[in-house]
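Colleague: I would like to learn how to read a protein model. Could we take the features in turn?

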Amino acid sequence: MADSVKRPPLRAVIADDQALVRTGFGMILTADGIEVTAEAADGAEAVAAVRRTRPDVVLMDIRMPRMDGIEATRRILDGDGSDGTRVIILTTYDLDHYVYAALTAGASGFLLKDVTPEHLVGAVRLVQSGDALLAPAITRRLIERFAHREEDRSVTLHRDLSGLTPRELEVLRLLATGLSNAELADRLFLSPTTVKTHIGRILSKLDLRDRVQAVVLAYETGLISPRGSTGTG
């Protein structure tokens, strides 16, 4: 029977310059059946560990010696050995300006270091399944605080989003304001299934991993303004 087939354990790498954090998080994940394939004390070690063990998820501290978590995230997600690997940023502050840089580097979300064991495990499993850890509304709050866009982004807008249909652009605009799938369906008079299809096509066309990256791109390209105007009239 299909249900009796045992799936391989989820695999994770923990990168943090504090041994206590690595040990504590490792114990929590292992107790829930998540295999910790490696630990890293800095970004360079994290990149090497990912290339060596090919984990599903990396828990990545931002501030580390030798190479910080942002550069490590960028190298991991741009590298050949990152097949399907997701990165969760670990931070002490919920609006640390480094978090925005990490999201633009491709991270799928962030966790505060005082996260509960249940939330830690749930976050790792959520991100590994392909979802974004951050609610779009929280991502928007980060972007509004830290994004510094040039006045004229029309060239970037055309280059990055020209492949989207008018309906897909409309969905992306509303997605970037923090609406859930159900709220998008209500606003656009569509079924939730149709909304999910549109979002899937947007992510595929723009080569994005998840909704977090879609929200970031909407701001980066000028599709939506940090001042809150979506341009939808």
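Colleague: What should I know about the model before I start?

Modeller: This is a predicted model, in which local features need pLDDT of at least 70 and side-chain atom pairs count only at pLDDT 80 or more, while totals for chains, interfaces and linings use all residues. Residues are numbered from 1 along each chain as its sequence is written, and side-chain values use heavy atoms, with hydrogens and water left out.

Colleague: How many helices and strands does the chain have?

Modeller: Helices (H or I, at least four residues) and strands (E, at least two) are DSSP runs, numbered from the N terminus. Here the chain has eleven helices and five strands.

Colleague: What share of the residues is buried?

Modeller: Buried means under 20% relative accessible area, exposed means over 50%, and partly exposed lies in between, with a 1.4 Å probe and protein chains only. Of the 233 residues in the chain, 48% are buried. Accessible areas come from the Shrake-Rupley method with a 1.4 Å probe; for residues, only the protein chains shown count as cover. The accessible surface of the chain is about 11800 Å², and carbon and sulfur atoms account for 49% of that surface.

Colleague: And how do I read contacts along the chain?

Modeller: Contact means heavy atoms within 4.5 Å. Take the contacts between residues at least 6 apart in sequence: 68% of them join residues at least 24 apart.

Colleague: At what angle do α2 and α3 pack?

Modeller: Axes are lines fitted to C-alpha atoms, for helices over the stretch in contact, and angles run from 0 to 180 degrees between N-to-C directions. Helix α2 (residues 43-53) and helix α3 (residues 69-78) have axes 8 Å apart and pack at about 20 degrees. Angles under 35 degrees count as roughly parallel, over 145 as roughly antiparallel, 65 to 115 as roughly perpendicular and the rest as oblique. The pair α2 and α3 is therefore roughly parallel.

Colleague: Which residues meet there, and of what class are they?

Modeller: From α2 come G43, A46, V47 and V50, which meet A72, R75 and I76 of α3. By class, these are five nonpolar, one polar and one charged. Ala, Val, Leu, Ile, Met, Phe, Trp, Tyr, Cys and Pro count as nonpolar, Asp, Glu, Lys and Arg as charged, and the others, Gly among them, as polar.

Colleague: How do α8 and α9 cross?

Modeller: The axes of α8 (residues 166-175) and α9 come within 10 Å and cross at roughly 130 degrees. That angle makes α8 oblique to α9. A crossing is left-handed if the near helix is turned anticlockwise from the far one by less than a right angle, and right-handed if clockwise. The crossing of α8 and α9 is right-handed, and so is that of α2 and α3. In α8, the residues R167, E170, V171, L174 and L175 meet L184, R187 and L188 in α9. This contact has five nonpolar, no polar and three charged residues.

Colleague: Now single residues. Is A15 buried or exposed?

Modeller: A15, in strand β1 (residues 11-15), counts as buried because its relative accessibility is 0%. Its contacts, beyond four places in sequence, include A40, A46 and L90. A15 and A49 are 34 residues apart in sequence, yet their C-alpha atoms are 9.3 Å apart in space.

Colleague: Where is R22, and is R22 buried or exposed?

Modeller: R22 lies in helix α1 (residues 19-31). With a relative accessible area of 14%, R22 is buried. Leaving aside neighbours within four places in sequence, R22 is in contact with I14, D16, D17, E39, A40 and A41.

Colleague: What should I look for in the loops?

Modeller: Compare residues in the loop between α10 and α11 (211-220), where D207 is found. D207 has a positive phi of about 55 degrees although it is not a glycine, and D207 is exposed, with a relative accessible area of 69%. L206 lies in that loop too, but L206 counts as buried at 15% relative accessibility. Among the contacts of L206 are L161, L164 and L217.

Colleague: Which other residue has a positive phi of about 55 degrees?

Modeller: F189 does, although it is not a glycine. F189 sits in the loop between α9 (181-188) and α10 (192-205) and is exposed, with a relative accessible area of 73%.
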